[in-house]
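Trainee: Could we go through this structure together, one question at a time, so that I can follow how each answer is reached?

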Amino acid sequence: MDDRLVREMLTDHARNPRNYGGIPAPGAEGKATNEQCVGPTHPDGDNVRVQVVLSDDDMMVESVRFTGQGCTLSQASASLLSERMIGTAVADIGAWDSEYIEERLGMELTPSRLHCAELVLTAFREATAAQNTGTDPSD
């Protein structure tokens, strides 16, 4: 993907995030932080909280919403990847890796930037692991 188009896409997702906000009664919830990525709008680092509603058999994502703050990449990735999560099997999302994220974003990432981009996935994995074990990630 052309660099200009990638920048435009990421800027659009960061300024107009899809699936941003909370779910009144989520079935699962997880959070992830990246204290290494700090900036004027996020002096404590990046953070993403994911709330998920799964199908009755806990196999598919019916709804997902996120909140957070951080760098453009962390927030744009949360928006972009959350769009892909809806209607997708939990097991498939669990298999998403750095290559999948880079393909969706249309760019290669350094390890530190990959950490920003994968926060939503880390939070999702925590949410679904907590769902399967019956634990609360906020404890």
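**A helix residue, a sheet and a helix pair**

Mentor: Let us begin with L73, which is found in helix α2, residues 72-85. Please keep in mind that we are looking at a predicted model.

Trainee: Does L73 count as buried or exposed?

Mentor: A residue is called buried when its relative accessible area is under 20%. The relative accessibility of L73 is 4%, and because of this value L73 counts as buried.

Trainee: With which residues is L73 in contact, leaving aside its neighbours within four places in sequence?

Mentor: A contact here means heavy atoms within 4.5 Å. Once the neighbours within four places in sequence are set aside, the residues in contact with L73 are L10, L105, L109, R113, C116 and A117.

Trainee: How are α1 and α2 oriented to each other?

Mentor: Two packed helices are described by the angle between their axes and the distance between the axes. For helix α1, residues 3-15, and α2, the axes are 8 Å apart and the angle is about 85°. Angles of 65 to 115 degrees count as roughly perpendicular, and α1 and α2 are therefore roughly perpendicular to each other.

Trainee: Which residues of α2 take part where α1 and α2 meet?

Mentor: On the side of α1, the residues are M9, L10, H13 and A14, and those they meet in α2 are T72, L73, A76, S79, L80 and E83. By kind, the residues of this contact between α1 and α2 divide into six nonpolar, three polar and one charged. To end on the names you asked for, the α2 residues are T72, L73, A76, S79, L80 and E83.

Trainee: Which strands stand at the edges of the sheet?

Mentor: The sheet is open and is formed by three strands in the order β1-β2-β3, with antiparallel pairing. One side of each edge strand is left without a neighbour in the sheet, because each has a single partner strand, and these edge strands are β1 and β3 (61-69).

Trainee: Which residue in β2 is the bridge partner of K31?

Mentor: Strand β1, residues 28-34, and strand β2, residues 46-54, pair in the antiparallel sense over seven bridges. Within β1, K31 belongs to the uncovered face, together with E29 and T33. The bridge partner of K31 in β2 is R49.

Trainee: At about what angle does α2 run to β3?

Mentor: Helix α2, the one that holds L73, lies across β2 and β3. Its angle to β3 is about 175°.

Notes. Residues are numbered from 1 along each chain as its sequence is written. This is a predicted model: local features need pLDDT of at least 70, side-chain atom pairs count only at pLDDT 80 or more; totals for chains, interfaces and linings use all residues. Side-chain values use heavy atoms; hydrogens and water are left out. Helices (H or I, at least four residues) and strands (E, at least two) are DSSP runs, numbered from the N terminus. Buried means under 20% relative accessible area, exposed over 50%, partly exposed in between (1.4 Å probe, protein chains only). Two strands pair if DSSP finds at least two bridges between them. Axes are lines fitted to C-alpha atoms, for helices over the stretch in contact, and angles run from 0 to 180 degrees between N-to-C directions. Angles under 35 degrees count as roughly parallel, over 145 as roughly antiparallel, 65 to 115 as roughly perpendicular and the rest as oblique. Ala, Val, Leu, Ile, Met, Phe, Trp, Tyr, Cys and Pro count as nonpolar, Asp, Glu, Lys and Arg as charged, and the others, Gly among them, as polar.
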